[in-house]
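Below are my notes on this entry, as numbered points. Please read them with the model open.

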Amino acid sequence: MTGSPSVSRRALLAGVGAVAFCAPSLIGCANREANRDFGGANPFKLGVASGEPGPNGVVLWTRLATVPLSQDPVYVGGMIPKPVRLRWEVAEDEPFTRLAASGEAIAAPEDAHSVHVEVAGLAPGRWYFYRFIAGDAVSPIGRTRTAPGPTDPVDRLRLAVASCSNYEQGYFAGYRHMAEDAPDLCLFLGDYIYAYTTAAAKRAQIVRENGAPEATDLAGYRQRYALYRTDPDLARLHAAAPCLVTWDDHEVDNDYGGDYSALFASEAAFHGRRAAAYQAYWEHMPLAPSRRPRPGSASLPLYRSVSWGRLAEIALLDGRQFRPVQPCGTPPWRGGRLVTDRDCPERLDPARSMLGSAQEAWLYDLFARTRRGWTLIAQDLLMAQLKQRADKGEAAWWTDGWEGYPANRARLIETLAKRRTPNPVVLGGDFHAFWVTDLKADFDDPRAPTVATEFVGTSISALGPPYERFARLLPDNPHMRFFDSRQRGYLRVDVGQTAATCDLRVIADARDPASPVATLRSYRIDDGRPGAVPIAASS
Ligand code: FE
Ligand code: CA
């Protein structure tokens with residue numbers, strides 16, 4: 001907690017140019033000079049973001065790029081490949097007259113001049129404004145907040161929950177409406193970018209161009225994140241509230257699992273691509289500096305939990321990094337496929353863990369310990385069992401989702417029941433469809449107790465699966481309370497002390513950047529009673 005209570009902008013800018021900035025032990029004066037004026041260009045075109053709110057701090061993010069979409073290997077984002085020192089400020093008020101914290105940070109060229117500042121010393125449970133200053137350039141102002149203190153009573157937590165934003169397939173009106181809903185916290189549950197570029201044969205799907213082929217290396221992934229962040233609605237959302245992020249497959253490659261991707265023949269062939277994708281993910285997300293992947297490691301510690309006063313515990317899971325490859329794949333296609341138990345007994349092997357043993361152990365320990373009012377489990381996929389039909393009517397299962405790892409799911413749900421974890425609510429994405437489900441101790445027995453409630457949000461813009469094909473499956477899956485894949489949107493979740501509500505929010509048309517929003521369905525979960533109850537839709 002530093003900084004004087006009232007600092008004029010002129011004084012700040014003078015400070016940036018002061019001799020103290022030219023510490024040769026850190027970076028040379030020449031280096032500082034190199035990016036000082038950015039050739040007259042705005043270096044803050046990728047906006048600002050914040051994340052990982054704790055009771056005393058938050059992570060602030062920006063990335064300096066004067067030419068964000070450049071894939072020049074030397075001048076990444078248009079920047080001279082030298083470190084840039086910049087200043088960050090957190091204030092209680094938008095004019096920045098009451099500074100709560102401030103400091104300096106280095107934007108390093110090896111991290112594409114991204115900046116991840118871990119701010120400490122803030123007050124719990126309150127909103128702040130923040131900005132960055134580099135040379136003469138000042139970033140847009142972002143708004144963020146801290147979590148309430150661990151024992152603070154809290155009346156309400158509003159979450160906006162998104163997944164699957166495909167730049168080519170639509171505009172991000174959903175992100176704009178999420179910002180307008182004024183959430184305390186945004187959750188991004190995966191497929192934040194799509195690494196692929198739509199083939200010429202499917203040109204009719206394209207609403208706007210990626211402007212680059214499929215991302216397969218660091219320059220490609222950086223281009224993709226930069227492209228998404230130049231979208232004004234996504235930039236606005238990030239500037240409006242802090243977020244928690246986890247990933248699914250398309251941040252790396254379609255249907256990848258652990259060390260393999262669907263079309264890669266060997267671990268070695270895929271490793272470099274995964275390393276590049278993970279590095280670019282960290283560079284562009286408001287994640288703590290400590291999560292930065294070691295160069296070439298293809299490893300990023302992502303699963304974690306965040307508490308919100310006494311009201312809620314939010315567990316963020318990583319469903320991709322630690323899983324073994326999907327069962328019964330046959331090269332050249334190792335990804336998701338529909339299998340029967342006769343085709344693929346391997347699927348049922350109890351040793352198959354989507355989360356990996358370390359993450360499972362961590363999660364079950366959390367289930368045993370947490371006694372906050374609600375336990376939110378945020379992850380990438382539909383968790384409930386979805387029984388499909390093979391050609392001859394035999395039960396069939398899609399191996400890229402939890403169905404490829406059913407023993408892990410059974411352990412998770414059994415642990416929730418056994419540990420009497422308070423009010424478990426699972427939130428997911430990936431499906432490009434809304435699902436409201438009862439997570440059962442035994443999915444094959446409709447009388448089995450409901451252990452947890454699940455909401456899967458539809459996509460922000462990625463095209464949905466055929467409605468009829470999945471609607472037909474509902475009679476076989478009585479624990480599915482609602483399904484719809486026909487509209488794009490997000491989830492708005494209000495957690496309160498005696499009940500939580502979830503609004504399924506839909507935009508009219510993802511091909512229209514000005515699309516209005518509406519609520520398709522609303523549900524309530526009462527304290528102590530798992531299972532979503534439909535309520536009359538509000539606005
Ligand atoms: Fe998706
Ligand atoms: Ca996915």
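Axes here are lines fitted to C-alpha atoms, for helices over the stretch in contact, and angles run from 0 to 180 degrees between N-to-C directions. Helices (H or I, at least four residues) and strands (E, at least two) are DSSP runs, numbered from the N terminus.

1. Basis. This is a predicted model, in which local features need pLDDT of at least 70, side-chain atom pairs count only at pLDDT 80 or more, and totals for chains, interfaces and linings use all residues. Residues are numbered from 1 along each chain as its sequence is written, chains are lettered from A and ligands numbered from 1 in the order in which they are written, and side-chain values use heavy atoms, with hydrogens and water left out.

2. Helix pair. Helix α4 (residues 218-229) packs against α6 at an angle of about 35°, and their axes are 8 Å apart. Contact means heavy atoms within 4.5 Å.

3. Helix α6. This helix covers residues 267-284, and its end C-alpha atoms are 25 Å apart, in agreement with the 26 Å that its 18 residues should span at 1.5 Å a residue (the expected span is 1.5 Å times one less than the number of residues). Of the 18 residues of α6, 13 are buried, so the helix is largely enclosed by the rest of the structure. Buried means under 20% relative accessible area, exposed over 50%, and partly exposed in between (1.4 Å probe, protein chains only).

4. Tyr221. This residue of helix α4 counts as buried, at 0% relative accessibility. Leaving aside neighbours within four places in sequence, the contacts of Tyr221 include Ile193, Thr216, Glu251, Val252 and Ala277. Tyr221 and Glu251 are 30 residues apart along the chain, with 8.4 Å between their C-alpha atoms.

5. Iron site. Cys164 (SG), Asp191 (OD), Tyr194 (OH) and His432 (NE2) coordinate the iron ion (ligand 1) at 2.1 to 2.4 Å. Donors are N, O and S atoms within 2.8 Å of the metal (3.2 Å for Na, K and Ca); water is not among the atoms, so sites may look incomplete. The 4 donor atoms subtend angles of 87 to 167° at the iron ion (ligand 1), which makes the arrangement irregular. Four donors count as tetrahedral if all angles lie between 85 and 135 degrees; four count as square planar and six as octahedral if opposite donors are over 155 degrees apart and all others between 65 and 115; anything else is irregular.

6. Calcium site. The calcium ion (ligand 2) has Asp191 (OD), Asp248 (OD), Asp249 (OD) and Asp430 (OD) as donors, at 2.2 to 2.6 Å. Asp191 coordinates both metals, and the calcium ion (ligand 2) lies 3.8 Å from the iron ion (ligand 1). Asp191 is in the loop between β10 (185-188) and α4, and Asp430 in the loop between β18 (424-428) and β19 (434-440), so the pair ties together parts that are 239 residues apart in sequence. Asp430 is partly exposed, with a relative accessible area of 23%.

7. Backbone. Glu52, in the loop between β1 (48-51) and β2 (58-63), has phi near 55°, a positive value in a residue other than glycine.
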